[in-house]
Amino acid sequence: MTVDDWKTARQGPRICFVTDRYPPDIGGIACSAGRLVSHLVNAGYDMHVFVRSDIPPPATNGLGGMHPLHIYRVPSDPMRLRAAINFYHERIGFDLFHGFSIPSAFACLSAAVCRGLPLIANIGYFEGQSYQNRKSKVVFGHASWIIASTMASLSRAHRIVDIASKSSVIRIGV
């Protein structure tokens, strides 16, 4: 199947989902990311998951074909990650970008903003972190929507950039 055949035959919107951990990785971030992606696949979305990892990919990397879930383990080096996202976006054409952390959202930023596409930034998994840094400010300023797992995180982010009209709380485990 060619890329053009695949583009024509797709089922639902294509989402570029970037995360630091994803199953079979162990931990809360991996479980939450896996659960969210599973729900989106079941809802008909065509998910392309980019896992920021220097660990060699498992044998199931990139399921290919018409399967609505594609997993890419890419180096955590920011430049190589952005290059991989742009490479696949130029060939596939994502409809939406979702960064499952501030660094992950930052990696999606150029591809989303340059093409006028939505970017969702999930800031909920590092509740104690400071948002007083360049990456956080840029992500908060350019993201279409910001998700956190507590109102305290959104309040801290709002003190940096006005995000009141583009943010919501989604509790962990929901």
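Colleague: Why are H3 and H4 called oblique to each other?

Modeller: The axes of H3 (residues 78–92) and H4 (residues 102–114) cross at roughly 40° and come within 9 Å. Angles under 35 degrees count as roughly parallel, over 145 as roughly antiparallel, 65 to 115 as roughly perpendicular and the rest as oblique, so H3 and H4 are oblique. The axes are lines fitted to C-alpha atoms over the stretch in contact, with angles from 0 to 180 degrees between N-to-C directions. This is a predicted model, in which local features need pLDDT of at least 70 and side-chain atom pairs 80 or more, whereas totals for chains, interfaces and linings use all residues. Residues are numbered from 1 along each chain, and side-chain values use heavy atoms, without hydrogens or water.

Colleague: What makes Ser167 count as buried?

Modeller: Its relative accessible area is 17%, and buried means under 20%, exposed over 50% and partly exposed in between, with a 1.4 Å probe and protein chains only. Ser167 touches Trp145, Ile146 and Leu154, leaving aside residues up to four places away in sequence, where contact means heavy atoms within 4.5 Å.

Colleague: How do you know that the buried residues of H6 line one face of the helix?

Modeller: The buried residues of H6 (151–160) are Ser153, Leu154 and Ala157. Seen down the axis, they fall within an arc of 95°, so they line one face, the arc being that of the directions from the axis to the C-beta atoms. On the other side of H6, Met151 and Arg159 are exposed. The buried residues pack against helix H5 (134–142), strand S6 (145–148) and strand S7 (167–169), and Ser167 lies in S7. Helices (H or I, at least four residues) and strands (E, at least two) are DSSP runs, numbered from the N terminus.
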